[in-house]
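Please consult the sequence and structure shown here while reading.

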Amino acid sequence: MLLIACPHCGPRAESEFHCGGEAHIERPKDPASLSDAEWAEFVFLRDNIKGLVFERWNHAHGCRRWFNAARDSVTYEILAIYPMGSPPPALDPRRYV
Amino acid sequence: MIETYLRQSALDHLGLAGHSTAAPTEAGVQLSEKPLPVAVNLRGDSGDAAFVEAVREALGLALPTLPNTATTGEGLALLWLGPDEWLAMQHDAAAFAEAQLATKLRKALDGLHAAVTEMGESLCCLSLAGAQARAVLAKGCPLDLHPRAFGGSGHCAQSLLAKAAVTLLQVSDAPAFELYVRRSFADYLWRWLEDAAREYGVAVVRP
Ligand SMILES: [Zn+2]
C-alpha cells in the first residue's frame, strides 16, 4: 500500500486514490487534421517508462481533487507532488534499462 | 424537499428504537443512528473575505479553512471537505430545516461566486462511541486514528470504511464519532459495525 501525500488532505492510503494515467498528454489543437496513426498515438499509446514517470492522480475517496505525481515505477517511490497544469519538475530520470 | 410523511431513515427497517438502551452502558462500543440529518454542500473561495464573512453571518460559525477540521455550534457542524468545499450538517428533524438552512446561505452569499446544494435525504448519520470506538474503525478504515494524528473533537475526514465512502467527524474526545454514509450503504455499514464491534461488547443506544 502506498502512502500518498494529497496536497490538500495530507498523507492518505493508496486505496483512497484513483490513478488517472500518464500526465502531460496534450490534446491535439486541430484533431481533424490528424492522421489515424497520429490519433491512435494520442488516444491509446503511452510511454510505460521503467524509471521516472509523471502521473495524474485523483483523491477519489477524499477531497476528490486532481493533482500530478512524479513516481519511480520500479521502486514505487513518490518523488514529487505538484498541481495540475504545472510543468513536470526537473528530476533525475532514473532509467533502469 | 420530500413530503414530510414520506421521510424515512435508511435504517428504519431495523427498528433500532425497539432494541436500544439508554446510554451510558458498560459496553466497549455504543452504536446509534442519528436519523435524518440535514446536509447542505457549500462551494466557494476561502481566499475571498466576503465569502468567509457571509458564511459566518449565515451560520454563526467560522468557516474551517484548515484541512480535515470542522467547526461546530448549536446542533450545526461545518465540515472541511476540500480546498473550496464544505458540508453543513444539522441534526434537526423539523420539516423544512434543509430548505431553511440552504436559503439562509443563499441569501447571505447572493452576488458572490459560491454554490449551495441541498443534499436531500442522501446521507445517513451513524454514531459510534466508547473506549473501543477507534479499534472498531481501524478494522476497516485506512486513516491513522491515533489522537496524535486524528486530532480529537472537531477533526473530520473523508475516507473509506469497509470499502464504503464515509465522512468521519469526531464529536468528542471520549471518543465519539459521527459517520456520514450514503443511504444505500447505511444498512451494510451498520451491520459491518455491529459485527466489528462484537468482540468489545456492543450496545445499541438511543441517539
Ligand atoms: Zn485530498
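In β6(B), Ala115(B) is the bridge partner of Arg43(B). Strand β2 (residues 38–43) of chain B and β6(B) run antiparallel and are joined by 4 bridges. The model is predicted: local features need pLDDT of at least 70 and side-chain atom pairs count only at pLDDT 80 or more, while totals for chains, interfaces and linings use all residues. Residues are numbered from 1 along each chain as its sequence is written, chains are lettered from A and ligands numbered from 1 in the order in which they are written, and side-chain values use heavy atoms, without hydrogens and water.

**Sheet**
- In chain B, 5 strands form an open antiparallel sheet in the order β3-β4-β5-β2-β6; strands are DSSP runs of E, at least two residues, and helices runs of H or I, at least four, numbered from the N terminus, and two strands pair if DSSP finds at least two bridges between them.
- The edge strands, each pairing on one side only, are β3 (70–73) and β6 (115–118) of chain B.
- Helix α2 (residues 97–108) of chain B packs on the sheet, touching β2, β4 (76–82), β5 (85–90) and β6 of chain B; contact means heavy atoms within 4.5 Å.

**Domains**
- The domain assignment, automatic or from a database, divides chain B into domain 1 (10–35 + 121–204) and domain 2 (37–120).
- Their contact takes 16 residues from domain 1 of chain B and 14 residues from domain 2 of chain B.
- Between domain 1 of chain B and domain 2 of chain B there are 0 salt bridges (a side-chain nitrogen of Lys or Arg within 4 Å of a carboxyl oxygen of Asp or Glu).

Notes
Axes are lines fitted to C-alpha atoms, for helices over the stretch in contact, and angles run from 0 to 180 degrees between N-to-C directions.
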